[in-house]
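Here's a quick briefing to read alongside the sequence and the 3D view. Have both open and follow along.

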Amino acid sequence: MQGVQTTHPPGMICFASGEIARYADSLACLTRLQAPAGSSLAFHMGVLVAENLNKGVTAMMEQPALQWAWIMGDDHLYAHDLLLRLLDAGVDAVAPLCLNRYPPLDPSIVSASAGRQKWLEELPTAGLYKLAPDETCGDAGLLIRRVVLEALERPFYDRLRSGSFKSEDQAFTRKVQAAGFAIWIDVEHVLGHIAAMNVRPVVKDGRWHVRLTGGQTHVVDLAPKRVPA
């Protein structure tokens with residue numbers, strides 16, 4: 001993390017990883033990340049993701065000078081200035097656009113009324129998208145201001161999940177909305193979600209293709225192209 005001079009106040013980067021951080025590229029992004037001078041890093045490891053994030057956010061709240069928490073995991077790639085751009089948005093809670101790591105690779109936004117993930121083509125291509133009252137999202141890259149966290153009951157993240165929200169991050173964003181705050185998606189700034197794909201050769205239409213599958217789910221067939229020497 002690199003501290004830079006900016007008009008934005010400092011905050012806490014809450015980074016959660018497994019016992020061993022899964023992807024070196026993700027740690028490289030964290031190393032290059034620009035943050036307002038005076039910001040801190042809470043790096044917690046282990047399989048209890050909700051507990052690790054609670055530790056990070058609680059540490060931020062115990063330091064009055066810190067005015068925001070930025071949630072990040074160890075399976076994402078992002079630009080070095082992403083955090084500063086999210087701060088520029090000037091809203092209470094905002095996340096970059098992120099896709100799920102499993103097929104069909106839709107945004108990590110769930111629409112309760114539709115009973116499905118929101119489709120990428122349903123989102124605008126510029127500006128900020130405000131989650132509808134029946135929509136929740138994942139927390140990867142979520143920037144959340146102190147004023148929001150002050151309004152939430154603790155623990156911030158539920159450590160046991162059940163019911164209609166499939167994971168602790170969707171439940172957390174619902175909790176923010178229930179406290180009266182909007183959550184925005186900055187579609188002009190995105191996260192890369194590192195995913196494992198099965199790559200295999202297949203014959204299709206009389207020629208070789210490369211097939212990508214996630215588990216047993218077909219994602220796409222790619223036709224290799226060669227540039228003549």
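T31 sits in helix 1 (residues 24-32), where helices (H or I, at least four residues) and strands (E, at least two) are DSSP runs numbered from the N terminus. T31 and Q2 are 29 residues apart in sequence, yet their C-alpha atoms are 7.2 Å apart in space. Leaving aside neighbours within four places in sequence, T31 is in contact (heavy atoms within 4.5 Å) with M1 and Q2.

A word on the source: this is a predicted model, with local features needing pLDDT of at least 70 and side-chain atom pairs counted only at pLDDT 80 or more, while totals for chains, interfaces and linings use all residues. Residues are numbered from 1 along each chain as its sequence is written, and side-chain values use heavy atoms, with hydrogens and water left out.

**The start of the chain**
- M1 is in the segment before strand 1 (2-4).
- M1 counts as partly exposed because its relative accessibility is 35%; buried means under 20% relative accessible area, exposed over 50%, and partly exposed in between (1.4 Å probe, protein chains only).

**Aromatic rings**
- The whole structure has 3 aromatic pairs (ring centres of Phe, Tyr and Trp, using the six-membered ring of Trp, within 6.5 Å; planes under 30 degrees apart are stacked, over 60 edge-to-face, the rest tilted).
- One of them is W70 with Y78, edge-to-face at 5.5 Å centre to centre and 90° between the planes.
- W70 counts as buried because its relative accessibility is 0%, and Y78 counts as buried at 8%.
- Y157 and F172 are stacked, 4.3 Å centre to centre with 10° between the planes.
- That pair links distant parts of the chain, 15 residues apart: Y157 in the loop between helix 4 and helix 5, F172 in helix 5.

**Helix 5**
- Buried residues in helix 5 (residues 168-178) include D169, Q170, F172 and V176.
- Their cover includes strand 8 (109-111), strand 11 (135-137), strand 12 (143-145) and helix 4 (146-150).
- Just after helix 5, G180 takes a positive phi of about 100°.
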